[in-house]
Amino acid sequence: MAEIYSKKCKCTYCLKETETKRVLSRHIRIKRTDLDGFIHYEGPNVYYYEPVQCIHCRFIFHEAFEKLRPDTRETLETNILPSLPVLPFAATERTAEQALQLYKLCLYTAQVTKQKDSIQAMLGVRLAWLNRLLENKEQEVLWMERAVEKYEALYLDYTDAVRTGIPHDVLLLRIADLYASLERTDDAKQWYSLIFQSQKISDRIKKDAREHWELYRERHSV
Ligand SMILES: [Zn+2]
């Protein structure tokens, strides 16, 4: 496929240069965006190509991963890397099912290497979205619920954007939108209200929140 190219990137584990497929930016065409931020693409799907499998050490990672700590490197080397499958499609074009498999492994390595909860939650949302694409409602809801739980825990333990890994107002909107996607009206309403009432939330986030809540109310006759 001419829309796909090989991009070089550095492996988080072995630090060698590896490569992965990516969609050429001039071929990225957005059809529409769902209320919770999920983008439907016209052509090749950008989400499919986010997880990377290193061609040298078989580690599976996302470019959002942070530097690995010495103790997790040791666990990886002895217990994890030898059991990770070498996925032939990691270096080629991918289907939604293949991408799903890569994301699951990527979330697994994120947990093993103790990546930030914001990264693990982001991968959980991606898993929910891929299941939406595959019209697997049950799995979509399951992953969405896990992700929103993680985001709520982040909200309770929030320190700052760098340490927590997500700006405070973006986090609030994310939680509200995920509850809206889950059609949990009371929870969605509570989180959107929190955004509307807060003095610290940016105007842009407030505007998005208002639009999302209005749309939700129209669709669900709330
Ligand atoms: Zn590597």
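Predicted model: local features only at pLDDT ≥ 70, side-chain atom pairs only at ≥ 80, totals over all residues.
Biologist: Which residues of helix α1 are buried?

Modeller: Helix α1 spans residues 70-80. On one side of α1, Pro70, Glu74, Glu77 and Thr78 are exposed. The buried residues are covered by elements including α2 (96-112). Those buried residues of α1 are Thr72, Leu76 and Ile80.

Biologist: Why do the buried residues of α1 lie on the same side of the helix?

Modeller: The residues concerned are Thr72, Leu76 and Ile80, which are buried in α1. They share a side of α1 because the arc they cover around the axis is only 45 degrees.

Biologist: How are α3 and α4 oriented, roughly parallel or roughly antiparallel?

Modeller: Helix α3 (residues 117-133) packs with α4 at an angle of about 160 degrees, and their axes are 8 Å apart. Angles over 145 degrees count as roughly antiparallel. The two helices, α3 and α4, are therefore roughly antiparallel.

Biologist: How many charged residues does the contact of α3 with α4 have?

Modeller: From α3, the contact includes Asp117 and Arg132, and from α4 it includes Glu140 and Lys150. By class, the contact of α3 with α4 divides into ten nonpolar residues, five polar and, as the number of charged residues, four.

Biologist: What is the handedness of the crossing of α4 and α6, and how are these helices oriented?

Modeller: Helix α4 (residues 137-156) and helix α6 (residues 168-181) have axes 10 Å apart and pack at an angle of about 150 degrees. That angle makes α4 roughly antiparallel to α6. The crossing in which α4 passes α6 is left-handed.

Biologist: How many nonpolar residues does the contact of α4 with α6 have?

Modeller: In this contact, residues of α4 including Met144, Ala147 and Val148 meet residues of α6, among them Leu171, Leu172 and Ile175. The contact of α4 with α6 has two polar and two charged residues, and its nonpolar residues number eleven.

Biologist: At what angle do α6 and α7 pack?

Modeller: Helix α7 comprises residues 185-197, and its axis is 8 Å from that of α6. The helices α6 and α7 are roughly antiparallel, and α6 passes α7 in a left-handed crossing. The packing angle of α6 and α7 is about 155 degrees.

Biologist: Which residues of α7 does α6 meet?

Modeller: On the α6 side, the contact includes Leu172, Ile175, Ala176 and Tyr179. By class, the contact of α6 with α7 has eleven nonpolar, no polar and two charged residues. The residues that α6 meets in α7 are Asp187, Ala188, Trp191, Tyr192, Leu194 and Ile195.

Key
Residues numbered from 1 in each chain as written. Heavy atoms only, no water. Buried < 20%, exposed > 50% of the residue type's maximum accessible area, 1.4 Å probe, protein only. Helix = DSSP H or I, 4+ residues; strand = E, 2+ residues; numbered from the N terminus. Arc of directions from axis to C-beta. Contact = heavy atoms within 4.5 Å. Axes fitted to C-alpha atoms, helices over the stretch in contact; angles between N-to-C directions. Parallel < 35°, antiparallel > 145°, perpendicular 65-115°, else oblique. Left-handed = near helix turned anticlockwise from the far one by under 90°. Nonpolar A, V, L, I, M, F, W, Y, C, P; charged D, E, K, R; others polar.
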